[in-house]
Amino acid sequence: MSAFASAFPGPARSERLAQSPAVRRDGRWWLVTVSGSVALTDPVFTGQLNRFATAMAAADQAVAGRRLQQDQPPARPGGRRR
């Protein structure tokens with residue numbers, strides 16, 4: 001392991017940010033590669049990652065909500081559902 005990489009914490013709550021190497025584990029951001037992981041400490045960069053993760057979660061919720069709407073039967077004339 002290089003001097004820049006630290007041991008990635010063991011099993012815990014983690015989430016990968018889209019298809020990026022950025023992973024949030026127990027509230028901390030890491031860049032993870034096959035050769036190791038690096039804890040991110042820059043507050044500006046981690047703040048941007050937090051905002052992007054929040055936006056991605058909102059988009060995922062909107063898509064899920066839209067899918068639920070599409071699965072419901074069409075409304076009858078007068079606005080009532082079947």
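# Strand pairing, helix packing and core

G36 in strand 4 is the bridge partner of T33. The model is predicted: local features need pLDDT of at least 70 and side-chain atom pairs count only at pLDDT 80 or more, while totals for chains, interfaces and linings use all residues. Residues are numbered from 1 along each chain as its sequence is written, and side-chain values use heavy atoms, with hydrogens and water left out.

**Exercise: elements**

Task: state how many helices and strands the chain has, and in which pattern they follow along the sequence.

Solution. Step one: take helices as DSSP runs of H or I with at least four residues and strands as runs of E with at least two, numbered from the N terminus. Step two: count 1 helix and 4 strands. Step three: read along the sequence, which gives β-β-β-β-α.

**Exercise: strand pairs**

Solution. Step one: two strands pair if DSSP finds at least two bridges between them. Step two: go through the pairs.

- Strand 1 and strand 2 are antiparallel, with 3 bridges; E15 is opposite R24 of strand 2.
- Strand 2 (residues 22–25) and strand 3 are antiparallel, with 4 bridges; A22 is opposite L31 of strand 3.
- Strand 3 (residues 28–33) and strand 4 (residues 36–39) are antiparallel, with 4 bridges; L31 is opposite V38 of strand 4.

**Exercise: hairpins**

Task: give the number of residues between the strands of the hairpin of strand 3 and strand 4, and the residue with a positive phi in the hairpin of strand 2 and strand 3.

Solution. Step one: strand 3 and strand 4 have 2 residues between them. Step two: the hairpin of strand 2 and strand 3 also has 2 residues between its strands, and D26 there takes a positive phi near 50°.

**Exercise: helix on sheet**

Solution. Step one: count a contact when heavy atoms are within 4.5 Å.

**Exercise: T46**

Task: decide whether T46 is buried or exposed, and list its surroundings.

Solution. Step one: buried means under 20% relative accessible area, exposed over 50% and partly exposed in between (1.4 Å probe, protein chains only). Step two: T46 has a relative accessible area of 13%, so T46 is buried. Step three: T46 lies in helix 1 (residues 43–71). Leaving out residues up to four places away in sequence, T46 touches W29 and L40. A polar side-chain atom of T46 is 3.3 Å from the backbone oxygen of P43.

**Exercise: core**

Task: list the residues of the largest nonpolar core.

Solution. Step one: such a core is a set of buried Ala, Val, Leu, Ile, Met, Phe, Trp, Tyr and Cys residues joined through side-chain atoms within 4.5 Å. Step two: the largest one has 6 residues, L17, A22, W29, L40, L49 and A53. Step three: the contacts of L17 beyond four places in sequence are A22, W29, L49, F52, A53 and M56. Step four: for the whole chain of 82 residues, 16% are buried.

Note on methods. A polar contact is a pair of N or O atoms within 3.5 Å; within protein, one must be able to donate a hydrogen and the other to accept it, and residues adjacent in sequence count only if both atoms are side-chain atoms.
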